[in-house]
Amino acid sequence: EVEVELEVNPESIDLRVFTLNCWGLRFISAKRHERFEAIGKYLSRGEYDVVMLQEVWNEEDYLTVKTLVTEAFPHSYFFDNGIIGSGTCLFTTVPIFDATFHEFGMNGYPHKIWHGDWFGGKGLGVCQIEFKGFDIHLYTSHYHAEYNRKKDVYLGHRVTHGLESAQWIKLTSASADLTV
């Protein structure tokens, strides 16, 4: 018989997280440049510790935000995957120790050019940070769009995205103190 004494850390932390779908589709999203400028200016106020953005399809838009928030968020990661990117990025107040990306097995159809999801490398991005002594894993994703609710040919894709996300998070978060 082995007796184990666990030391519980009585401290807690506040982690302020902001997430936003930016609707950054080139040639389609109205006032895209103005929107990314406004997002960057809002985030530059530094009210959060972590920011996760989706539908940032263009590196130019990412760099616009990054330039505006550098003082508040000196660390960032752009998940550049697929033909037009993953559409996801992350900003933090603390250094990012590691980052990786898991591309989903199902991501639309190449012949449905007007939908575009196949060209984006949809998947799950993860960054590891240390925040106030806690090992934190941050996950961000953007699932396949729903184009027709009555005849949703992509429902299986989004269900698969959810399942793969759950499996990937379970596999990669075991050592984390906190998973977001």
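Take C22, which is in no disulfide: its nearest cysteine sulfur belongs to C89 and is 6.8 Å away. C22 counts as buried, at 1% relative accessibility, where buried means under 20% relative accessible area with a 1.4 Å probe, protein chains only. C127 is buried too, at 0%, and its sulfur lies 10.0 Å from the closest cysteine sulfur, in C89, too far for a bond.

A quick word on where this comes from: this is a predicted model, so local features need pLDDT of at least 70 and side-chain atom pairs count only at pLDDT 80 or more, while totals for chains, interfaces and linings use all residues. Residues are numbered from 1 along each chain as its sequence is written, and side-chain values use heavy atoms, with hydrogens and water left out.

Now, the sheet. Four strands form an open sheet in the order 5-6-7-8, with mixed pairing. Strands here are DSSP runs of E, at least two residues, and helices are runs of H or I, at least four residues, numbered from the N terminus; two strands pair if DSSP finds at least two bridges between them. Strand 5 (96-103) and strand 8 (178-179) stand at the edges with a single partner strand each, so one side of each has no neighbour in the sheet.

Let me stay with strand 7, residues 134-141. Is it enclosed or open? Eight of its eight residues are buried, so strand 7 is largely enclosed by the rest of the structure. On one side we find F134, I136, L138 and T140, and on the other D135, H137, Y139 and S141.

Who are its partners? Strand 6 (residues 123-131) pairs with strand 7 in the antiparallel sense over eight bridges, and V126 has Y139 as its bridge partner. In the hairpin joining these two, with two residues between the strands, K132 takes a positive phi near 50°.

Last stop, the nonpolar cores, meaning sets of buried Ala, Val, Leu, Ile, Met, Phe, Trp, Tyr and Cys residues joined through side-chain atoms within 4.5 Å. The largest has 17 residues, and L43, V51, L53, V56, F73 and F91 have the most contacts inside it. Apart from it lies another core of 13 residues, among them L15, F79, L90 and our friend C127.

Note on methods:
Buried < 20%, exposed > 50% of the residue type's maximum accessible area, 1.4 Å probe, protein only. Disulfide = S-S within 2.5 Å.
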